[in-house]
Amino acid sequence: ADNSDLPAEFLTGIFERIKVNPFSLKEDDAAREREAQKQQVFDPTVFFEGGTLFGATAEQRKRETFKKEKDELMNATETLMRRRPEKIVRAHTGNSTYLDSVAPSDVVRPMFDVTWGPLLGILSQILECSDDDRNVGVCLIGFVYAVRIASHSRMSLARDTFVSSLAKFTFLGSIKEMKKKNIDSVRTLLTIGIADGEYLGESWEPVLQCISQLSRLRLSASGLEADESFLNSPKPKKASTPSKAPDFDIFRTTTRADTAREAEESNGKAVLEAVQESLIDKVFASTVKLSATSLARFIEQLIAVSRSEIAGNSKSGITGIDSGRTTASSHGPDGPSIYSLQRLVEVADYNMNVRPRLVWAQVWEVLADFFAEIACHENAMVSVFAIDSLKQLSFKFLEKPELNEFNFQRLFLKPFLVVIEDKGSRTEVREMVLQCVSNIVMTKSHNLRSGWKVVFSILHNSAGDSNSKIES
């Protein structure tokens, strides 16, 4: 305190203590030991010691070095274990906000990255070759856990591969007869969609394609007409030709089409009995639990499946073969279907009122573009269904009044304006849009705010339409 030197006795004591126990790093100690060992190798007196002639001293040195390293590791581990509870206590008491922790996915990911390839191979081999219920059950559980680990560990390649492989084992979209293990694969795939849908991302596509094929089989087994029966355009009648006598060939072999039809009928009955409609409904109803990002991914994949259905190629995603053949109505070999489009309307209906308006506006931008595209489709029945779906969703959306400084109504009604502005759209479709707008004005005018701008724009474009019906 008086700026004087420290006592000589105090400084001398420090010096003596350091002299007895000098400061030293572990690296320096190891270097000194290696140097001492080298000197002992060249020391001629070592060879005349009794035990060293047979290498006993070298062995003892190895044991001593190993024991020393083991003791150091044990001491370091013991010190770490003593300090960790103190950190946890401080974190819980608020004295410290920092706590060393490792996410489980970070620990599992390196191990799973090495093992998922062989694991997929053995699960697929057993599932393909075995019909034993226990073996099949264990393999399907393995698929569930593998998809879960890959999803939570953000391993998109492994996740997509496991989901796609499981989708192919369902035999949906193929001409093979479905066995019990294939039906179990269908249920497992739906269960994965319900339980781990938050993390599926692009892997939703094979799941939704399987659901699309399930709907076809269930519809066929129920005896109801498929979508293509009323969506396909009527085919032009061919010129009549002289009738030929029927050719009865007793040696006629069964064609591929006959085999496919028989397999589809058999699979449809099996699916109708084993897979409940409520399980499929639960996949779409569970979207209300998804985060905004996961919901957007789900809708993107559902739109992709809907496009393939409308184009008539709904089986291509599962079988891996995209048929280039088209029918007379410019659709694929399966004919157009609007099943996924209907489910898209249901998903929009489920999430409309449970999502914040800002989140829903981002989701609706993707939906609006697709509905506007389908409303201008060359197939008149598909266009009419799209406009009718927009009408139903608009009426529900306009039940709530719009807050000031927001433009959600204008965003929601924009697809109607896109259809009116597209001069290539059908006249009957534009007429239907005007009828929808008229109904909205008459029934929901008390809640309209920013939506009025879209309404007036539609009327302005219709007034200049070349068709006299729309103009009037």
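Which residues line the largest cavity? The points below take up that question first and then turn to other parts of the structure.

1. The model is a predicted one, and the lining of its largest cavity is formed by Arg357, Trp360, Ala361, Trp364, Phe397, Phe408, Leu411 and Phe412. Two elements give two or more residues to this lining, namely helix H15 (357-375) and helix H17 (408-412). Of the contributing elements, H15 gives the most, with 4 residues.

2. The volume of the largest cavity is about 50 Å³, and a search of the whole structure finds 3 cavities of 30 Å³ or more. As background to such a search, rolling a probe the size of a water molecule over the atoms shows where empty space is left.

3. On the overall architecture, the protein has 21 helices and 0 strands. Of the contacts with a separation of 6 or more, 73% are accounted for by residues 24 or more positions apart. Buried residues make up 35% of the 472 residues, while the protein exposes about 29000 Å², of which carbon and sulfur atoms supply 56%.

4. Serine 383 belongs to helix H16, which covers residues 380-397. Serine 383 counts as buried because its relative accessible area is 0%, below the 20% under which a residue is called buried. Once neighbours within four places in sequence are left aside, serine 383 is in contact with Ile374, Ala375, Cys376, His377 and Val429.

5. Are cysteine 376 and cysteine 210 to be described as buried or as partly exposed? Cysteine 376 has a relative accessible area of 24% and is therefore partly exposed, whereas cysteine 210, at 2% relative accessibility, counts as buried. Cysteine 376 is also one of the residues in contact with serine 383. As for disulfides, the structure holds 0.

6. Serine 105 is placed in helix H4, residues 104-129. With a relative accessible area of 16%, serine 105 is buried, since the cut-off for a buried residue is under 20%. Leaving aside neighbours within four places in sequence, the contacts of serine 105 are with His152, Ser153 and Arg154. Serine 105 and serine 151 are 46 residues apart along the chain, and their C-alpha atoms are separated by 9.6 Å.

7. Arginine 154, one of the contacts of serine 105, is found in the loop between helix H5 (133-152) and helix H6 (156-168). Its backbone deserves a look in the model: arginine 154 has a positive phi of about 60° although it is not a glycine. Arginine 154 counts as exposed because its relative accessibility is 56%, and the cut-off for exposed residues is over 50%.

8. Phenylalanine 171 lies in the loop between H6 and helix H7 (180-195).

Technical notes. Residues are numbered from 1 along each chain as its sequence is written. This is a predicted model: local features need pLDDT of at least 70, side-chain atom pairs count only at pLDDT 80 or more; totals for chains, interfaces and linings use all residues. Side-chain values use heavy atoms; hydrogens and water are left out. Buried means under 20% relative accessible area, exposed over 50%, partly exposed in between (1.4 Å probe, protein chains only). Contact means heavy atoms within 4.5 Å. A disulfide is a pair of cysteine sulfur atoms within 2.5 Å. Accessible areas come from the Shrake-Rupley method with a 1.4 Å probe; for residues, only the protein chains shown count as cover. On a 1 Å grid over the protein atoms alone, a cavity is a set of points where a 1.4 Å probe fits but cannot get out, and a pocket is an open set with protein on both sides within 12 Å along at least five of seven lines; lining residues have an atom within 4 Å of a point. Grid points are joined across faces, edges and corners, and a volume is the space filled by probe spheres set on the points.
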